[in-house]
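Before us is a model to be read one feature at a time.

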Amino acid sequence: MPLQTPASLSLELQVGQKQIREVLQELYGILPTGITRWELTDEQAGAVRTRFPSTGATTERHWTLEVGDTVRRREIHAAFRGQQQGGISTPKSIPDILIFTDPKEGAKFGYDRFEGLREDGSYSYTGEGQEGHHGFLRGNKALRDAAADGKTIRLFRTSGTLASYVGAFTTGDPAYRMETIPDASGALRSGIIFNLVPIDADTTLLPAYGGERPTSATITEWTAPKYSDIVVAQDELITTGERVVSRVEFELQAAFGNWLRKQGHVTRRLTLPTDSSTIEPDLYVESKGWIVEAKKSSGRAYVRTAIGQVLDYAHTARRGGIEVAPVVLLPGRPERDLLELMGNSESPSSCGLTTSLRFYHILTDPPLRQERKLPLNEPVA
């Protein structure tokens, strides 16, 4: 017997689930202790239907699903129409684009290496088309243009005939990137990987980028980036796995890490699991308990970003039982009020840090490769 819930009835009747639950409570009382959702008998579902007029003849449709709802995919298409095959559906009855992902099926074709929730909270989603190079046609074009067209992207994670509503997304910046991916036969081709960011979603329902996420922190060997081998423009970005950094940041990390090692400190990589993904600071100084975030500029926007990131790393590490102190690494000395914001070793910071945010400043003269360490939060000599 098909499972009937307030979510499935809301699709059928085109009324809000709150209204349906109110009717159920009026007729049958509240749910017993320990039961969190209604699973309706035919009699109960029929009693709800008698309270609401049929909407089968009207073309006006409304979004009624709530984040976390699981329904049959055919019920979604029965309510909103749209393509029932493939991963991207563009129903004309609502101003939304529906996309579906099945990680287990995608792994059969190697898509798991390109899809998933990334460190910054964005979700990488492979465009439609199982064979040949991807192009911006039909669903791919609609997804690329979703923001410009004012359409909400609604993401479902599927398993068999069931689809769980993850939530509402929009395209990030950039909206997509091109990758070399396998097709259904294993042949390599040019594929579209969309960059989606959540508006209102439960991202814990999504797999981590590149596979399963670890359940505990992992500490591995740190190797200094070989920035002397990188020939790029100053602002060109270099992608290394999950991390996207500039050449300046490579230089900062390498110089600081090598200096620490010369002082006898132990440097490591630290991968931290969150509720929905994994995050990794630029450097973990195990012997001092420092989590380090490097930025290529001491400008205000970069410092503010660094503060937010390093506090996130520190909070996540402490949740995992690792006591750490947050450290920001910059190529120059920031403005005085930013130093006050970060605090110093003697007084608490104005952003309320329980452990003061430390600031290290390394001046690097590329022609001379000179390195210079300044004491914590002290002015440049």
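Q: What average pLDDT does the protein chain have, and what share of the residues score at least 70?

A: This is a predicted model, so confidence is read before anything else, with pLDDT as the predictor's confidence in each residue. The protein chain averages a pLDDT of 81, and 81% of the residues score at least 70.

Q: Where does pLDDT stay under 50?

A: One such stretch is residues 228–245, for which the model has 35 contacts beyond four places in sequence. Residues 362–381 also have a pLDDT below 50, and that stretch has 41 contacts in the model beyond near neighbours in sequence.

Q: How many helices and strands make up the secondary structure of the protein chain?

A: There are nine helices and 17 strands. The protein chain has 381 residues, of which 45% count as buried. Sequence separation of contacts is a further thing to read: among contacts between residues at least 6 apart in sequence, 63% join residues at least 24 apart.

Q: How are two packed helices described?

A: Two packed helices are described by the angle between their axes and the distance between those axes. In this model, take helix H1 (residues 6–13) and helix H3 (residues 42–49): their axes come within 11 Å and cross at roughly 40°. H1 and H3 are therefore oblique to each other. Their crossing is right-handed.

Q: Which residues of H1 and H3 meet?

A: From H1 come Leu-9, Glu-12 and Leu-13, and from H3 come Ala-45, Val-48 and Arg-49. By class, the residues of this contact of H1 with H3 are four nonpolar, no polar and two charged.

Q: At what angle do H1 and H2 pack?

A: H1 and helix H2 (residues 17–28) pack at an angle of about 115°, with their axes 9 Å apart. H1 passes H2 in a right-handed crossing. On the H1 side the residues are Pro-6, Ala-7, Leu-9 and Ser-10, and they meet Gln-17, Ile-20, Arg-21 and Leu-24 in H2. The contact of H1 with H2 has five nonpolar, two polar and one charged residues. Leu-9 of H1 takes part in the contact with H2 and in the contact with H3.

Q: Is Leu-98 buried or exposed?

A: The test is relative accessible area, and buried means under 20%. Leu-98 is found in strand S3 (residues 96–101). At 0% relative accessibility, Leu-98 counts as buried. Apart from neighbours within four places in sequence, Leu-98 is in contact with Trp-63, Ile-76, Gly-87, Ile-88, Ser-89, Pro-91, Arg-154 and Phe-156. The C-alpha atoms of Leu-98 and Gln-83 are separated by 9.4 Å, with the two residues 15 apart along the chain.

Q: Which residues does Phe-100 touch, not counting residues up to four places away in sequence?

A: Phe-100, found in strand S3, touches Arg-73, Ile-76, His-77, Gly-87, Ser-89, Tyr-125, Phe-156, Thr-158 and Ala-163. Its relative accessibility is 6%, so Phe-100 counts as buried. Phe-100 and Thr-158 are 58 residues apart along the chain, and their C-alpha atoms are separated by 6.5 Å.

Q: What is the relative accessible area of Thr-171?

A: The value is 13%, so Thr-171 is buried. Thr-171 has its place in strand S7 (residues 162–182). Beyond neighbours within four places in sequence, Thr-171 is in contact with Leu-143, Ala-147, Ile-153, Asn-195, Leu-196 and Val-197.

Methods: Residues are numbered from 1 along each chain as its sequence is written. This is a predicted model: local features need pLDDT of at least 70, side-chain atom pairs count only at pLDDT 80 or more; totals for chains, interfaces and linings use all residues. Side-chain values use heavy atoms; hydrogens and water are left out. pLDDT is the predictor's confidence in each residue, from 0 to 100. Contact means heavy atoms within 4.5 Å. Axes are lines fitted to C-alpha atoms, for helices over the stretch in contact, and angles run from 0 to 180 degrees between N-to-C directions. Helices (H or I, at least four residues) and strands (E, at least two) are DSSP runs, numbered from the N terminus. Angles under 35 degrees count as roughly parallel, over 145 as roughly antiparallel, 65 to 115 as roughly perpendicular and the rest as oblique. A crossing is left-handed if the near helix is turned anticlockwise from the far one by less than a right angle, and right-handed if clockwise. Ala, Val, Leu, Ile, Met, Phe, Trp, Tyr, Cys and Pro count as nonpolar, Asp, Glu, Lys and Arg as charged, and the others, Gly among them, as polar. Buried means under 20% relative accessible area, exposed over 50%, partly exposed in between (1.4 Å probe, protein chains only).
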